Amino acid sequence: MTPTTQQALPPTTARQRRRTMVALLVALFLAGAAISYVGIQYLPPATDTSGLSQAVTRPELLVQVDLPHEEFAIPPGPYREQFQVHCTICHSPRLAFTQPLLPEKKWQEVVQKMVTVYGALPTPEEAREIVHYLTVVHGQTPP
Amino acid sequence: MTQPNDSMEIDRREWLRRLALAGASAALPAGCSRRAAPVAEVLPADAPLRFPGKVPMRVINDRPPCLETPWSAYRHDLTPNDAFYVRWHLQIIPTAVDTRTWRLRVRGHVAHPLELSLDELRRMEPVSVVAVNQCSGNSRGLFTPQMPGAQWRNGAMGNARWTGVRLRDLLQRAGLKAGAVDVSFDGLDNGGLPSIPDFIKSLPVDEARREDVLLAYEMNGEPLPLLNGFPLRLVVPGWYATYWVKALSEITVLPHPFDGFWMAKAYRIPTTANAVEKPSELAQVTVPINKMNVRSFLTSHQDGAQVAVAQPCELSGIAFDGGSGIKQVEVSTDGGQTWQIASLDADLGRYSFRRWRFSWQPVARGRVPIHVRATSNAGETQPLVAGWNRAGYMRNVVEQVVVEVM
């Protein structure tokens with residue numbers, strides 16, 4: 001572990017810097033919020049809806065949701081890093097761990113499918129390592 | 001789990017259970033204590049990963065969201081929007097839709113390409129249908145041997161009143177040219193990388209022109225929730241939900257068969273009866289999945305529910321098929337030896353859940369398996385032994401729920 005430049009500075013300077021950073025971030029956030037608020041206020045009005053039947057409810061003009069984020073705890077095991085690098089790009093790693101405990105052959109098929117069908121990019125060596133990882137942490141030993 | 005030496009503990013537990021049961025039967029009109037057993041799938045309200053506009057749901061995947069409906073929701077004929085299951089394939093899903101800029105495009109092999117706003121669609125005459133939306137892989141997690149894919153239990157289905165416009169009317173306005181073969185449907189979602197095939201589905205032109213195929217902007221009288229396809233979703237009553245493209249934005253009429261990945265390579269079934277094949281003998285010929293097979297479920301009681309002996313107890317549940325409607329539902333309380341006919345509630349339409357009811361009076365204490373079997377107006381019925389196919393689609397075996405008569 002090499003210390004970061006910030007940690008290497010005298011403590012007061014580091015604190016000052018951090019404070020400036022936080023202030024900057026807050027300012028940026030407020031500016032962003034203000035711009036989007038103004039933007040929403042000034043968007044063109046909705047078109048006339050007089051032809052609507054009574055039963056039909058009127059949706060919001062802008063419908064928006066915030067999806068929850070939760071870092072999925074990838075279990076420890078051999079070649080965990082390879083899994084983390086290659087198997088979290090297109091979907092949550094959770095998808096692998098809500099699978100049944102699959103035998104090695106099935107994990108091979110899954111990883112192969114990710115490569116050939118969807119374009120995952122582990123090298124053949126890394127693909128083997130990922131299969132090994134999944135078989136160890138979420139697999140089945142053959143009967 | 002039972003520890004033989006722990007008789008004191010068992011006695012105390014048994015005593016507590018009796019006490020609870022007595023309390024429950026005092027509170028309920030008949031001796032059918034359906035509330036005695038916990039509803040297994042009700043998750044705590046503060047469970048991590050609550051999704052906006054949704055009750056706590058079983059998370060199969062969080063990016064993109066795949067969420068399973070809690071079983072208790074099926075006690076309603078129309079599945080509440082906030083408990084309706086969610087299934088996206090690709091990670092870039094529309095989390096914000098501005099209806100002032102969103103447009104539906106109809107293009108391709110047509111005389112007059114269309115571009116319509118939500119308001120324009122809403123000004124057309126609204127049409128409604130009550131229809132079951134069921135994932136092709138509903139119940140996949142229950143197959144043996146197991147297969148990869150979203151590991152749903154039975155909660156990847158829902159019944160709703162869908163309101164919108166007829167697809168057929170739009171196709172007519174656009175004017176199909178002679179020789180139209182397929183119609184493809186694309187939504188606002190995408191994989192985020194060029195190597196991931198965009199989620200585009202297609203229907204044969206005759207299916208697309210069915211009078212009950214809708215472009216719905218409402219679900220149970222409310223705008224569609226974003227997670228269920230706001231602002232517009234294709235509704236193909238009787239067909240699996242894979243065709244019900246969410247956040248629809250583009251409809252393309254094609255003079256040739258559509259050959260995109262999600263039709264040509266995924267969501268395919270063997271041509272055998274009920275799409276059954278053997279792990280050792282996979283079918284050579286496959287076709288795109290299409291119409292749903294017949295299913296039924298007990299919804300009033302879950303595994304382990306406690307029921308009082310010699311007291312009337314109403315069993316109830318749902319049945320549905322691919323659109324012929326439900327002719328009959330039978331219930332067995334003796335392990336499938338004899339079957340008795342359940343009564344059917346009002347018909348909400350041939351694509352809807354049909355509520356069935358059965359008055360039962362258990363005669364002896366013990367664990368009692370309850371089986372339910374539906375027969376459709378088309379004469380199709382549910383198998384007693386589960387079929388299997390490699391992708392885990394179309395499971396419709398007669399379900400078993402074991403209750404405890406006390």
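**Strands and cores in chain B**

Biologist: How many bridges join β1(B) to strand β2 of chain B?

Modeller: Four bridges join β1(B) to strand β2 (residues 65-68), and the two run antiparallel; strands here are DSSP E runs of at least two residues, numbered from the N terminus, and two of them pair if DSSP finds at least two bridges between them. This is a predicted model, in which local features need pLDDT of at least 70 and side-chain atom pairs count only at pLDDT 80 or more, while totals for chains, interfaces and linings use all residues. Residues are numbered from 1 along each chain as its sequence is written, chains are lettered from A and ligands numbered from 1 in the order written, and side-chain values use heavy atoms, without hydrogens or water.

Biologist: And which residue is the bridge partner of B:Asn61?

Modeller: That is B:Cys66 in β2(B), and the two strands form a hairpin with two residues between them.

Biologist: How many residues of β1(B) are buried?

Modeller: Four of the five residues in β1(B), residues 58-62, are buried, meaning under 20% relative accessible area with a 1.4 Å probe and protein chains only.

Biologist: New topic: which residues have the most contacts inside the largest nonpolar core?

Modeller: B:Trp162 and B:Leu215 do, in a core of 84 residues, where a core is a set of buried Ala, Val, Leu, Ile, Met, Phe, Trp, Tyr and Cys residues joined through side-chain atoms within 4.5 Å. Strand β11 of chain B (residues 214-219) gives the most to this core, with five residues.

Biologist: Last one, why does B:Ser249 count as buried?

Modeller: Because its relative accessibility is 12%; B:Ser249 lies in strand β14 (residues 248-254) of chain B.

Note on methods
Buried means under 20% relative accessible area, exposed over 50%, partly exposed in between (1.4 Å probe, protein chains only).
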